[in-house]
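User: Please take a close look at one part of this model, an open pocket, and at the elements around it. A plain account will do.
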Amino acid sequence: MKTVAFHTLGCKVNTYESNAMLKIFNEAGYQEVDFKQVADVYVINTCTVTNTGDSKSRQMIRKAIRKNPKATICVVGCYSQTAPEEIEKIEGVGVVLGTQYRSDIVKYVDEHLGTGEMVIKVDNVMNLRKFEDLNIDRFKNTRAFLKIQDGCNNFCTYCIIPYARGRVRSRQKESVLNQAQKLVDNGYVEIVLTGIHTAGYGEDLDDYSFYELLVDLVKIKGLKRLRISSIETSQISDEIIDLIGSNEIIVDHLHVPLQAGSDATLKRMNRKYTTAEYLEKINKIRSYLPNIAFTTDVIVGFPGETDEEFEETYNFIKQVNYSELHVFPYSPRKNTPAAKMKDQVNDQIKHERANRLLQLSKELNHEFALKQIGKTLKVLFEKRDGEYLIGHAGDYLKVKVKTADNLIGEIVTIKIDKYDEILEGRVV
């Protein structure tokens, strides 16, 4: 039997797309093996958000070539979309696809095997208007991702992704709902809505919005939990707040990107809000949903970020009182406006600022976790670690429970008793 091995870098969207491509290989008679094993085909699904993503992508391509020089090496995704010429120079690569044509990946593998020539399919994504349907029935983890849109119209000055993914393209309503029902029928109780700009869903549709999609999804028979992977404050309408508050299926957790807590930095980033507007929306949501958890993304060391601007960001984060931060040192991306800006911040300062925010994230997470003691939380168990089952609550805090019962893949009500790096409780 022919074998295929995948290595996926980057975001949840890439994870989704890798799973979808694996399904296509399975249907063509391929069996998946671990990336460390010898395989007939290796697929490296690349990331280009940072320079590290690019270098890790090249590293994994060369690793696959060394493992089996006779294998067909397929390089797909954002890095191959933005820098195909760099991948073409790597001897041993057989197929190069950008962020489209992935539904035909097996066809291009066959074409390469037939001709021995490198197959390159990378077109201008800015002209794309149609969402590429990639369907999945099964995931390796207990929660299922569902990709509902691709592309982004925001063009933040630091971000390469609109050039790698194109403009917003939404998946058709019927396709989303059919996929969701299929995932639930296959035993997944939690679905995570994902995309490049997830809540941008519907911006390109005439008569259907992200809110309306949420309303239809919570009616899916058998779905117990729905999570939005990321949403901008400007996209959290009063309707969406009401829906989260009135419907138990949508979790009490929102990941709301901030990027900077200084108005001057936000302006240079071309983020289309002020800190005052952002905070007003967060406070409004909390007034309706007092128990909601907020997590966020922050970039440190953006060009021109002074010590004063960083302190503003640090203090603003404390004011918002998130439950966790995802911290990224700024990485210059070729052909983006920020890469050409003056006053680039040196790496040591970026590193120091990132460490300060990571420490703050630990403190905020600790404070938020302590508030859960004595409460009951609904936990989706995902794995076993010795005597304990470990999973995530709706607010995305990790919880462990000592039990011999096999509850993996189930959502269980847990009374929280204590906290020591991780919440611990018992089944109610």
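Which residues lie nearest the centre of the second largest pocket, and how many residues line the second largest pocket?

Analyst: The residues nearest the centre of the second largest pocket are D252, N291, L377, G394 and D395, and the lining counts 33 residues. The model is predicted, so local features are taken only at pLDDT of at least 70 and side-chain atom pairs only at pLDDT 80 or more, while totals for chains, interfaces and linings use all residues. Residues are numbered from 1 along each chain as its sequence is written, and side-chain values use heavy atoms, with hydrogens and water left out.

The volume of the second largest pocket is about 850 Å³. A pocket here is an open set of points on a 1 Å grid over the protein atoms alone, with protein on both sides within 12 Å along at least five of seven lines; a cavity is a set of points where a 1.4 Å probe fits but cannot get out, and lining residues have an atom within 4 Å of a point. Points are joined across faces, edges and corners, and a volume is the space filled by probe spheres set on them.

Four elements each give at least two residues to the lining of this pocket: α9 (238–246), β12 (293–300), β14 and β17 (411–419). Helices (H or I, at least four residues) and strands (E, at least two) are DSSP runs numbered from the N terminus.

Take β14 and its surroundings. Strand β14 (residues 376–385) runs antiparallel to β15, joined by six bridges; two strands count as paired if DSSP finds at least two bridges between them. Within this pair, L380 is opposite H392 of β15. The two strands make a hairpin with two residues between them, and G386 in that turn has a positive phi of about 65°.

Strand β15 continues the arrangement. Five bridges connect β15 with strand β16 (residues 398–402), again antiparallel, and G391 faces V399 of β16. Five of the six residues of β15 (residues 388–393) are buried, so the strand is largely enclosed by the rest of the structure. Buried means under 20% relative accessible area, exposed over 50%, and partly exposed in between, with a 1.4 Å probe and protein chains only.

An unreviewed UniProt entry annotates residues 370–428 as "domain: TRAM". UniProt positions are given in the numbering used here, feature names are shortened, and annotations may be inferred rather than shown by experiment. Over residues 370–428 the chain is 59% strand and 2% helix, with the end C-alpha atoms 19 Å apart.

The lining element β12 belongs to another sheet. Three strands form an open sheet with parallel pairing, in the order β11-β12-β13. The edges are held by β11 (253–255) and β13 (324–329), each with a single partner strand, so one side of each has no neighbour in the sheet. Neighbouring strands of this sheet are turned against each other by 15° on average, direction ignored. Angles run from 0 to 180 degrees between N-to-C directions, and axes are lines fitted to C-alpha atoms, for helices over the stretch in contact. Six bridges link β12 with β13 in the parallel sense, and T295 is opposite E324 of β13. Helix α13 packs on this sheet, touching β12 and β13, and its direction makes about 170° with that of β13.

S361 lies in α13 (residues 347–370). At 7% relative accessibility, S361 counts as buried. Leaving out residues up to four places away in sequence, S361 touches S323, E324 and L325, where contact means heavy atoms within 4.5 Å.

A search of the whole structure finds one cavity of 30 Å³ or more. The largest cavity holds about 40 Å³, and its lining consists of N321, Y322, S323, L364, E367, F368 and K371.
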